[in-house]
Amino acid sequence: MTTATARISRPGHTAARPARSAKSRERAMAWARRAPLLPALIFLIVVTQLPFVVTLFISFLNWNSLSPTKTAFAGLENYVTVLTDPDLRQAIFTTIILTVSVVLASLLIGLGLALLLDKKFLGRGLARTLLIAPFLVVPVAAALIWKHALLNPAYGLVNGILTWIWSLFGNTTPPQLDLLSQAPLMAVIVSLVWQWTPFMMLILLAGLQSRPMDTVEAAQMDGATPWAIFRHLTLPHLRQYLELGGLLGAIYIVQNFDSVFTLTAGGLGTANLPYAIYQTFYYANEYGLASAAGVVVVIGTIIVATFALRTVFSLFKKEAAR
Amino acid sequence: MSTLTPAAPQSSTHASPGSTRARRGKTRMDPTRNNTAAGIAAWLLALLFASPVVWMILTSFHSETDAATNPPSIAANLTLDAYREFFGETSGVSPWPSLINSAAASILSTVLVLVLAIPAAYALSIRPVKKWTDVMFFFLSTKMMPVVAAILPLYLFARTIGALDNIWFLILMYTSMNLPIAVWMMRSFLAEVPEEMLEAAQIDGANLLLILRKVIAPVAMPGIAATALICFIFSWNELLLARVLTGVVAGTAPVFLTGFVSGQGLFLAKVCAAAVVISLPVLFAGFAAQDKLVQGLSLGAVK
């Protein structure tokens with residue numbers, strides 16, 4: 001901020017002129033500064049904020065587009081339905097379970113991978129590139145591969161490998177999994193963990209590589225065990241990065257639609273809120289109800305986002321101070 | 001904690017440099033030995049994580065009968081049949097319209113994002129407006145709102161003005177989706193332009209255009225390129241908006257892929273070929289932007 005104010009006041013110019021014209025000059029300069037910002041700002045307000053205000057409005061209406069004559073003010077009725085309807089309540093729980101398990105699992109595995117990749121070894125760059133690949137497959141395509149090529153009970157790779165291993169021991173009745181119908185939510189979780197682990201790894205790796213090495217070397221010379229170094233030096237340094245990865249991951253995974261849509265089509269208790277909302281307005285045409293559910297998602301996201309913003313802010317301040 | 005304070009080893013460095021060197025040499029042995037183990041572990045995990053992608057590529061080059069076997073036939077003959085099938089040589093269903101739609105939506109929205117984001121980032125870093133941090137956080141907060149919370153009004157609006165199944169409406173949506181990320185990334189790249197260089201150019205009497213071209217552009221260009229690639233990836237990957245707002249005419253590649261969701265087992269190689277073709281642009285863009293990927297995905301907060 002100090003650099004900003006320092007640039008605004010240019011003593012030579014303003015002092016020489018009368019006060020009023022100096023003031024209007026300053027105002028003109030302030031607008032000249034704002035001008036490049038305004039198109040982006042106005043565009044975003046119109047395209048993202050206005051629709052949400054409309055959603056908020058519709059959420060208080062009784063509005064099914066198939067019976068347009070019955071449109072009326074509904075008060076909090078839609079919100080009561082969202083929180084009591086078994087399907088929608090199930091969707092809320094599913095969203096929470098899905099988000100928490102995917103974020104925690106991908107953070108943990110991502111941390112392990114980042115610690116490994118932080119060391120120098122042969123072909124480290126190539127290994128890193130291979131590890132990023134899951135994140136770079138189009139999400140729908142990734143979900144399709146998991147559904148058809150990996151988890152398919154008859155000819156998927158997972159069961160194929162089981163058959164192959166058992167056949168090595170002469171066994172013709174290998175165990176065969178059918179995750180998609182027996183534990184569909186697990187199938188969604190596994191495929192999402194696979195896709196999001198590289199994201200966590202990349203953020204944590206960036207954190208590890210920004211770690212001041214002199215203290216680590218000093219601790220090594222003092223004979224500190226690797227575990228002690230990890231526990232007392234690495235982990236505290238990584239805390240902000242773990243928070244950032246977890247919270248950003250949570251914000252993206254709460255919104256996940258592609259995997260649920262592709263892998264299970266929301267069947268067998270795997271419909272999360274985005275998918276349930278999509279169905280509520282796209283197929284059931286319950287506009288009021290879908291909007292109320294949308295508002296509930298936003299409230300949930302705001303809670304997570306408040307923490308996310310704080311973490312981003314602390315990292316951001318550090319960077320601004322540099 | 002007490003044994004880990006940096007003060008102690010520092011004093012020993014001053015006292016006897018020779019012995020420190022010896023001890024350093026010793027401690028370096030341990031990391032090297034660990035590194036081999038770490039390298040093997042990392043490579044095993046990397047192969048495990050990459051195996052679905054490798055399997056996808058391999059299966060896409062198999063015939064349908066070789067693809068659908070249990071146990072898997074890794075050494076089966078390679079063929080381009082699945083790709084011929086995917087591009088509609090036998091079925092007559094061409095993926096090209098959807099691929100072209102995706103390219104149009106991704107490229108044009110990325111251009112629009114850059115046009116809007118570069119001036120905004122300039123106003124937030126090089127000549128910062130007052131309260132620029134507040135503006136930054138407003139941008140970020142719009143990104144944190146789930147798309148589902150705004151999709152119904154967007155759908156109704158598009159239907160009212162007759163913009164359903166229109167690629168231009170989707171382009172505007174993708175622009176708003178990527179704009180906050182682009183502003184955040186670009187600000188951090190423009191902030192890297194050294195202040196002394198700007199001041200020197202101003203003292204020399206260079207005008208704004210010249211400063212932009214000669215001072216700012218060379219420093220910011222790689223960052224702008226990375227931002228563009230990341231915006232491209234996000235637009236290319238997007239499904240929910242495309243599925244709700246487009247249909248037959250303006251459907252994108254991910255929407256085309258959803259046609260395979262309930263695909264029959266006999267089309268496994270074709271599904272894999274489709275997944276490979278549609279993921280290729282993202283794989284290229286992602287590997288090209290690898291170094292800046294983190295910064296983009298963490299909204300510029302992490303370098």
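The dialogue below concerns backbone angles, aromatic pairs and charges over rings in a predicted model.

Reader: Which conventions apply to the numbering and to the model?

Author: Residues are numbered from 1 along each chain as its sequence is written, while chains are lettered from A and ligands numbered from 1 in the order in which they are written. As the model is predicted, local features need pLDDT of at least 70, side-chain atom pairs count only at pLDDT 80 or more, and totals for chains, interfaces and linings use all residues; side-chain values use heavy atoms, with hydrogens and water left out.

Reader: What is the phi of A:Asn285, and where does the residue lie?

Author: Most residues other than glycine have a negative phi. A:Asn285 has a positive phi, near 60°, and is placed in the loop between helix 15 (273–282) and helix 16 (287–321) of chain A. Helices are DSSP runs of H or I with at least four residues, numbered from the N terminus.

Reader: Is A:Asn285 buried or exposed?

Author: A:Asn285 is buried, at a relative accessible area of 14%. Buried means under 20% relative accessible area, exposed over 50% and partly exposed in between, with a 1.4 Å probe and protein chains only. In chain B, Lys131 also has a positive phi, near 55°. B:Lys131 belongs to the loop between helix 5 (96–125) and helix 6 (132–143) of chain B, and is exposed, with a relative accessible area of 56%.

Reader: How many aromatic pairs are there over all chains?

Author: A pair of aromatic rings is described by the distance of the centres and the angle of the planes. Rings of Phe, Tyr and Trp (its six-membered ring) pair if their centres lie within 6.5 Å; planes under 30 degrees apart count as stacked, over 60 as edge-to-face and the rest as tilted. The whole structure holds 31 such pairs. In one of them, A:Phe135 and A:Phe199 have ring centres 5.8 Å apart and planes at 25°, so they are stacked. A:Phe135 lies in helix 7 (residues 124–136) and A:Phe199 in helix 11 (residues 184–209) of chain A, so this pair ties together parts 64 residues apart in sequence. Both A:Phe135 and A:Phe199 are buried.

Reader: How are the rings of A:Trp146 and A:Trp194 arranged?

Author: Their centres are 5.6 Å apart and their planes at 65°, so the pair is edge-to-face. A:Trp146 is buried at 9% relative accessibility, and A:Trp194 is buried at 8%.

Reader: Which ring has the charged end of A:Arg34 over it?

Author: A charge sits over a ring if NZ of Lys or CZ of Arg is within 6 Å of the ring centre and within 35 degrees of the ring normal. The charged end of A:Arg34 sits over the ring of A:Trp31, 4.6 Å from its centre.

How values were computed:
Helix = DSSP H or I, 4+ residues; strand = E, 2+ residues; numbered from the N terminus.
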